[in-house]
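Please examine the sequence and the model shown below.

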Amino acid sequence: MTVSRFDWTTAPSSQIATVARSLLGWELSAGAVRLRLTELEAYRGSDDPASHAYRGKTPRTAVMFGPAGVAYVYFVFGMHWCLNVVVEPAGRAAAVLLRAGEVVSGVDVARGRRGLQVADRDLARGPARLAQALGVDGSLTGTSLLDGPIRLGPGDAPVGPILSGPRVGVVGGADTPWRFWLAGDPTVSPYRPHTPRRRR
DNA sequence: CGCAGGATTTGCT
DNA sequence: GCAAATCCTGCGG
């Protein structure tokens, strides 16, 4: 299936999985760091219990209800930022979580942010790691990924097979196979089933 | 290698 | 008050 340059900004929610899959291999750049996306997850709005927008529009999720092509950056577990692309026209919420990538440029800058001991393949291997490698934080929520400080654009099409499976770390919607990744790519994050936290 | 536990803040119930 | 679209470390086999 061919996806032309910016189809994903107008695709209907029924095609969000296709949109997420089609963004594999695209390139994301922020300053000196550029990476090639190797793992993504699709999140829909009101009918997707795993989505932050499931319970409606709040100050936090407001940008998900806005126009496609902007960044939705959220904060989790008191310490990590994760980067999404909003992928539907204003009025309906949906986003694609950018989960992992291969750093193809600016490796030294990315390592400076992530830690000097971090192996190349681990620089952006996971959503919070990817955001940290790019220097992304919540202040970038709402900025355009087509025309802003972070840029998302087409890269070389993936050559190998694309696999899909359940999304990582979610409770509701755990059976929906909306995680997509490049088969065999070393920068794809390890899959961890959701484990409830114990009380203390 | 796998698994378990803890860090640490926010947003919503 | 509690759970969270995670990551890192330490321990055991």
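Between which two elements does the loop that holds Thr143 lie? Thr143 is found in the loop between α3 and β6 (150-153), where helices (H or I, at least four residues) and strands (E, at least two) are DSSP runs numbered from the N terminus. The model is predicted, with local features requiring pLDDT of at least 70 and side-chain atom pairs counted only at pLDDT 80 or more, while totals for chains, interfaces and linings use all residues. Residues are numbered from 1 along each chain as its sequence is written, chains are lettered from A and ligands numbered from 1 in the order in which they are written, and side-chain values use heavy atoms, with hydrogens and water left out.

The side chain of Thr143 reaches the backbone oxygen of Leu140 at 2.8 Å. Leaving aside residues up to four places away in sequence, Thr143 touches Gly69, Val70, Ala71 and Pro149; contact here means heavy atoms within 4.5 Å. Thr143 and Tyr72 are 71 residues apart in sequence, yet their C-alpha atoms are 8.4 Å apart in space.

Chain A as a whole contains three helices and eight strands. From the N terminus on, these elements run α-β-β-β-β-β-α-α-β-β-β. The radius of gyration of chain A is 16 Å, close to the 16 Å that the globule rule gives for 200 residues, so the chain is as compact as a globular protein of that length. This radius is taken over C-alpha atoms, and the rule is 2.2 Å times the number of residues to the power 0.38. Of the 200 residues in chain A, 47% are buried, that is, under 20% relative accessible area with a 1.4 Å probe, protein chains only. Among contacts between residues at least 6 apart in sequence, 58% join residues at least 24 apart.

The helix α3 is mostly covered, with six of its eight residues buried. These are Pro127, Ala128, Leu130, Ala131, Ala133 and Leu134. They pack against β1 (27-30), β2, β4, β5 and α2 (107-114). Just after α3, Gly135 takes a positive phi of about 75°.

Phe65 is buried, with a relative accessible area of 18%. Residues up to four places away in sequence not counted, Phe65 touches Ala53, Gly56, Lys57, Ala90, Gly91, Arg92 and Ala93. The C-alpha atoms of Phe65 and Gln132 are separated by 25 Å.

The DNA can now be considered. DNA strand C is surrounded by 19 residues, of which the closest are His52, Tyr74, Asn84, Ala128 and Arg129; a residue is near the strand if one of its heavy atoms lies within 4 Å of it. Sugar and phosphate make up 51% of the atoms of DNA strand C that come within 4 Å of the protein. A polar side-chain atom of Arg129 lies 2.3 Å from a phosphate oxygen of DNA strand C, and a backbone N or O atom of Pro127 lies 3.3 Å from a phosphate oxygen. At a base nitrogen, by contrast, a polar side-chain atom of Tyr74 lies 3.1 Å away. The elements that give two or more residues to the surface near DNA strand C are β4 (80-86), β5 (95-105) and α3 (127-134). Of the elements, α3 gives the most, with three residues.

Terms used:
Polar contact = N/O pair within 3.5 Å; in protein donor to acceptor, adjacent residues only side chain to side chain. Buried < 20%, exposed > 50% of the residue type's maximum accessible area, 1.4 Å probe, protein only.
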